[in-house]
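Walk through this model with a focus on charged pairs, then on a pair of packed helices. Keep the structure open as you read.

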Amino acid sequence: MDNPGWHAYHRANKDEARWSAPHRGPDGRFQPVEEVGPMAEPFVGGFLPPPSPNPSLGPQVPPKDASYFRTDGHVPSSTSWQEVSRTESTLSGSGGASSTYSMFANMSAVERSKHLRVARMSPYLQFMAGPLLRYDTVDEHGVWRGAAMIVTADAGSVYEPLPVLTYHWDPNFTPNGKLKRNVSSRTHGQSFDLAPHPADPLSTVSPGSPTNGEQNGNGFHANVEQRRVEGQELYVYYGTGGLPWRTFTFWRFMIEIPLISHEMKINYTINNGIELAFYVPGRDQNMRWAAYSCNGFSSGVNPDDFRGPGFKSGYDPVWMDLLAHHAEEPFHALVGGGDQLYCDSIVREPELQDWVTQMKPEAKKNYFLSDEMRLAIDRFFFNHYCQNFRSGAFARANSTILDPDDLMRSPVFNYIGSRGYFFFLLFQCFINVDVDGKDDRRHPFKSLIIGGDGPYIPYPSHSFLSYLGPHVYILLLDCRAERKKDQICSHQEYKAVFARMAALPRTVEHMVLQTGVPVAYPRMVFLESALDSKLNPLVALGRSGSMGLSGFVNKFNADAELLDDLNDHWTAKAHKKERNWLILELQKYAKGQHVRVSIVSGDVHCAAVGVLKTFVKEKKRPDIPPPQDHRYMVNVVTSNPPNGVITMVSTLSTKTHRTLHHADTDETMIPIFERDPDGSAPKSKYIMGRRNWCSVRWDPQTGDLVWDIRVEIQKGNGQTSGYVVRAPPPRWN
C-alpha cells in the first residue's frame, strides 16, 4: 500500500540562502540562528546528518527543487519511472554510470530535458515527510477507508488554496492478470534506483505515458472516477525558538473508495505533483499483505554492516526485495510490528546532558523538567521521525522505553514517554487526540478501539481492528500505552477489543493478532533471574564502570541493559500470568466464534514460528490435526536484525513448555528452517538470525492463511528465500 523503501537526497539551491538551526561553535557553545549559504554536501530528509555522538539540532528546511520552476502542467506517472529504474539497474551489470550513459546516449537535448523533468506541484509545497499512506479498514458498506499525510515547511509552501489530494481509478478496467508482472533479474551495480517521491527534489521521471489503459495523451477516459479531498490541518510543530519561518504543518487527507468486484489501482497526486499509486482489493477478495518489524537499528548496530554492493544504506536491501515482490504482485497492506524507529539517541541531546549524567537514581528521578528540555525532546522526536520516514521507514511502531514505576513517574521520563507516544500517534497513526477526541464511535478512523488511560502518559490506548478480507481480520493490539512493569494491557482494553471482535461477521475464519513481542517464544528465565540479581558480578562491575563494562548497565537506573529487553517479553516473569490468561481467552474466542487465531510479532531480532496446540496426555496418541484443533495458533515472528542473544534462544527453542498443560495446551517452536537460505545446513531449525520480512495471503483452494517468511540469502544482497507455514481454517465441529 505504501512505498517503504524510498530515499530522499537533497542538495542546496545555490541561488537561495537558508536559515540554519542553532549549532555548536568551536568553543562548544550554541551559536544563534543565522543566515547561511548553500550546503557543501548532500543531506538527507532536510537535515544535515550529524556525527553519531551529536544531537539533532533542529530541522533544516529543504530547498526549492527544479520542479518549482517548471512551467508545464504535465503530471507524469510513477509506473513509467519504475520501468526505467528496473531497466537501469539491470543493464549489462555495468553499474549506474554506464547504464545511465547507455540510456541517454541516443537522446537529443530536448528529449533529455523532458526525461529528467519532474512534476511541478501547484501551489508548491516543501515536503519534510510524506506522502505517507495509512489503511484503516473496509466498512459495512464495502467502502475502503484510509488516509494520506504530509508534513510541509510553512516558509517554503503556498497554502492558498489549501493542499489538495486528487485520486482516481477506472472501475471498468479489469486487470485480467496484468497486475502480475515479471521483474528483470537484478544485478549489483553502483546503485539501485527507487521510484520518484514528492519529498525528493532530485526525483526525475520520464514523460507521462498511458498506464494499463487508464489514461491517454488527451486526459482520462470517460469512465474514470476522480475525487478531490482538501487537507486537514492536523498539527503544527514550532521549530527552535518558535521563529515564524521555522513552523511545520501536518496535513491529513481522508480517502474513501467504494470497492467493486475486482481489485483496482488507485492513482493519486498532491497539488498535481508526482503521481503515485496503491492497490485496493476486490470487494470479495482477501488481501495480500506483508509484515515486518525492527526496520530501525539500535545504537549498538552499524547499519553499513548490512549494506551490500549497490545499496545506499543498510536499510535498503530487504526493502528492495519487498518492493520487487510488490512489483510482481502488489500488496494491499503493510503491517509494521514495532521498532521501526530506535530512540536511544535522545540521550545525546545537549539540553538533557545534565540529567543524563546524574549518577544517583534519586537525583535523576526528581530532576526538574525545564522548558528548554521540553523543546529539545519535541525537537528530537520531530527530527527523528522526519529524517527516518523520508528514507523509507514507515509503519506502526511502539515506544522502546520500559523502566520501573518510580522512574517512569519522574518528570523527565514521564515527558519523554508522553511525547514519544504523541508523535507515534501523529506520524504513524495520523491521529492527534486534541483534534480527533477519545470517542472511537465518532472517530475518523473506524478501526480504532479506545482502551484505558495510560499510567504514565496522558492518552488512552489505541488498538485497531481492521478488515483484511471477508475471511480475515487483524487486531493490532496497543501493548504500550497502558504498559507497566507488571502489566501489558488493562482489563478495560481487553474488554473493548474482545467485544469488537465478537461482533464481526460470521464469514470471518481467520483472526490475526499483532503484538509487538511474541506470545509463544523460548523462555530465558535463568538469564532473567541472573541479570536481576544484585549478586550478579557483571551488573556490579557495570555499575562501578570497572573492566570496561559500563555499557552493560543502562544510564537510567543502573539495571542490566539486556534485562530491559527481557522484561519486555510476554514470557517474562512479570507478564507470565497475563500472557497465560490471554492465551486461554483467545482459545475461548476461537472456539465460540469458530475462528482460527494466529499471531504475528516482532522485536526479538530473528525469524521464528511458535505454536500453541492441544496437549495430548497419552504419548502414543497422535496430535489433533490442526484444522480440527481450536487451540492451534501459530505465532509468526518476523524481526530484524540479529543480536547476541540469538545463540542462546536457539538452544532453548527445542523445549516443550508445560506452563499450560493444566489447561490442555502445549507450546513449542516449529522447525521450519530445514536449510539455510544459501542451501547450507542451518545453525538452528527453529531460529533464523538473518534480516527478513513476511508475505501473507489467503489460499482460496484450502482456506489456509499462508505465511511466507522471506529470509535474506546473503547479508546485504537484497534477495530472499522463502519458508512457508500455514494456519488452517477452523474445521472443528
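Is Glu349 buried or exposed? The model is predicted, and in it Glu349 has a relative accessible area of 1%. That value is under 20%, so Glu349 counts as buried.

Glu349 has a charged partner. Its side chain meets that of Arg379 in a salt bridge, with N to O at 2.7 Å.

Now take a pair within one helix. Glu362 and Lys365 form a salt bridge, and their closest N and O atoms are 3.4 Å apart. Both sit in helix H6 (residues 361–365). They are three residues apart, so about one helical turn separates them. Glu362 is partly exposed, at 49% relative accessibility.

The next pair involves a strand. Arg726 forms a salt bridge with Asp704, and the closest N and O atoms are 3.0 Å apart. This pair also links distant parts of the chain, 22 residues apart. Arg726 is in strand S30 (residues 720–727). Asp704 is in the loop between strand S28 (692–698) and strand S29 (705–712). Which of the two residues is buried, and which is partly exposed? Asp704 counts as buried, at 11% relative accessibility. Arg726 counts as partly exposed, at 33%.

Salt bridges can also join into networks here: Asp139, Arg145 and Glu256 are linked in one. The count for the model comes to 24 salt bridges.

Turn now to helix packing. Two packed helices are described by the angle between their axes and the distance between the axes. Helix H11 (residues 491–502) packs against helix H15 (residues 576–593) at an angle of about 15°. Their axes are 12 Å apart. Why do H11 and H15 count as roughly parallel? Angles under 35 degrees are classed that way, so H11 and H15 qualify. H11 passes H15 in a right-handed crossing.

What meets at this contact? From H11 come His491, Tyr494, Phe498, Met501 and Ala502. H15 supplies Glu578, Trp581, Leu582, Glu585, Leu586, Tyr589 and Gln593. The residues of the contact of H11 with H15 divide into eight nonpolar, two polar and two charged.

How values were computed. Residues numbered from 1 in each chain as written. Predicted model: local features only at pLDDT ≥ 70, side-chain atom pairs only at ≥ 80, totals over all residues. Heavy atoms only, no water. Salt bridge = Lys/Arg side-chain N within 4 Å of Asp/Glu carboxyl O. Buried < 20%, exposed > 50% of the residue type's maximum accessible area, 1.4 Å probe, protein only. Helix = DSSP H or I, 4+ residues; strand = E, 2+ residues; numbered from the N terminus. Axes fitted to C-alpha atoms, helices over the stretch in contact; angles between N-to-C directions. Parallel < 35°, antiparallel > 145°, perpendicular 65-115°, else oblique. Left-handed = near helix turned anticlockwise from the far one by under 90°. Contact = heavy atoms within 4.5 Å. Nonpolar A, V, L, I, M, F, W, Y, C, P; charged D, E, K, R; others polar.
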